Amino acid sequence: MGISDAWKSWRRERIIKAAIAQGLTVPSKRDIRRGRILHWMRGDYTLHNSELLFSAVSRISNALSSMPVQLYKGASPVTDDLNDLVAFQPNPNMSASTFFKSMEACRCTSGNAYAMKVFGPRGNLERLEILDPSRVTPILERDSGELWYRITPEQESSYYVHGYYMIHIPFISTNGYSGVNPVSVLQETMDYAANIQSFSVKQLEQGVNAAIVLEAPANLGKNQKDEMVEEFMSTYRETSGNILLMESGVTAKTLNLSPVDSKLFEVEKITRSKVAMVYNLPPHLLGDYSDTSFTSQEQQMLEFLMLTMLPIVTAYEQELDRKLLTGRQRRRGLHFKFDMEAILRADAATQAEVDYKAVRSGWKTPDEIRYNRHLPPFPGGIGSKALVSQDLATLEYTVLQKPAVLARQPLPGAETGGKEEENGTD
């Protein structure tokens, strides 16, 4: 053990002793490997009954869960136990799609997503368990600079877990390890929108939609007011509201009251815009098409992938590489990658044009395109070789050099035929 490793080990022991002195427990590596520390009730974090927040979070989490994740070595996929755990079943209760969808929902509603690495009896990574973000607190040790996580179960004592055992994806952070809760940022906006909606609902419950205002030329006493109203109502009923005869300068006006305030739609538009800004979403994904300038759905989806999903995917890929792969594995070219093209589905004509150019330019083989279309490869391996178009060449080569090159190349079987003729003449 080197001096640096010995110093870090001494620092860890110091942190553990300080935690025990405060009445807190720190699980041993044996406890972590056997999964003894994962015994608490997960919290219930809602979206404050907001359809806008629910829409924003579901858009992002569903998009992430739709991207297949794969372990690669360079450009070649790797099929081993680690890839099977991350890409198929991170834990016995979740598929990979459910796991990453839940992680992203936690990140978008609490500002942080946590998953603990649980090891088996032989020291191998056995599963990844999602933790309740409200019960996890990141703590940076000042002297060593190492990151620890304090976990507070519902019925047990708190304990510390080293950052090595934790996969942590913050929403956005100023210190790098403590994410800002986006729901709390939008709290005032959502409260104001909720108050406007509540006021509109009260008007609807009252059933006020129209009223008649009588205007008199002078101030009237109580008896005069009653007589005027009674006379008006009597005439209104007798003529079924068709003919009204007003005397003594009295005028009648209709006052229309809508149960829905016209400004409610402006408030909803502002709320949609603010939610979209906080979650870095294009407004049209939340139903606001006022500023949409794209002519195709593919362009809209491309904007969503580049502005919203690319930073999120990059954060997950780098955290998986950092916490699940060793430095030696990374130097060998191992890395995790989400397939973002899986949710970018073009129309048939556009996809055919892309495949056509890919084959002619040589960066895709026919068998690779058939594989993407769930078709078997061509027999005999004829579709496994890269092709390149020969219709573009210099004029000098086409006129002067190409005929000479073709003349020097014997046709298939020509050499054999020539030998047979020589043998025949002999």
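How much space lies in the second largest pocket?

1. **Second largest pocket, volume.** This is a predicted model. In it, the second largest pocket holds about 600 Å³ of space. Its lining counts 28 residues, and those closest to the centre are Lys117, Gly163, Tyr164, Arg322 and Lys323.

2. **Second largest pocket, elements.** Two or more lining residues come from each of β3 (112–119), β6 (147–151), β8 (166–170) and α10. Helix α10 gives the most to this lining, with 4 residues.

3. **Cavity.** The structure has 1 cavity of 30 Å³ or more. The volume of the largest cavity is about 30 Å³. Phe99, Phe100, Met103, Ala115, Ile167, Ile169, Tyr316 and Leu320 line the largest cavity. By class, 8 lining residues are nonpolar, with no polar and no charged residues.

4. **Cavity, elements.** At least two residues of the largest cavity's lining come from each of α5 (96–110), β8 and α10. Helix α5 supplies the largest share, 3 residues.

5. **Surface patch.** Leu302, Met306, Leu307 and Leu310 make up a nonpolar surface patch. Together they have about 340 Å² of accessible area. Leu310 sits in helix α10, residues 297–324. Why does Leu310 count as partly exposed? Its relative accessible area is 32%, and partly exposed covers values between the buried cut-off, under 20%, and the exposed cut-off, over 50%. Patch residues need over 30% relative accessible area, so Leu310, at 32%, clears that cut-off.

How values were computed. Residues numbered from 1 in each chain as written. Predicted model: local features only at pLDDT ≥ 70, side-chain atom pairs only at ≥ 80, totals over all residues. Heavy atoms only, no water. Patch = residues over 30% accessible without salt bridge, like charges linked within 9 Å, V, L, I, M, F, W, Y side chains within 5 Å. Areas by Shrake-Rupley, 256 points an atom, 1.4 Å probe, with all protein chains shown as cover. Salt bridge = Lys/Arg side-chain N within 4 Å of Asp/Glu carboxyl O. Buried < 20%, exposed > 50% of the residue type's maximum accessible area, 1.4 Å probe, protein only. 1 Å grid on protein atoms, 1.4 Å probe; cavity = no way out; pocket = protein on both sides within 12 Å on 5 of 7 lines; lining within 4 Å. Points joined across faces, edges and corners; volume = space filled by probe spheres on them. Nonpolar A, V, L, I, M, F, W, Y, C, P; charged D, E, K, R; others polar.
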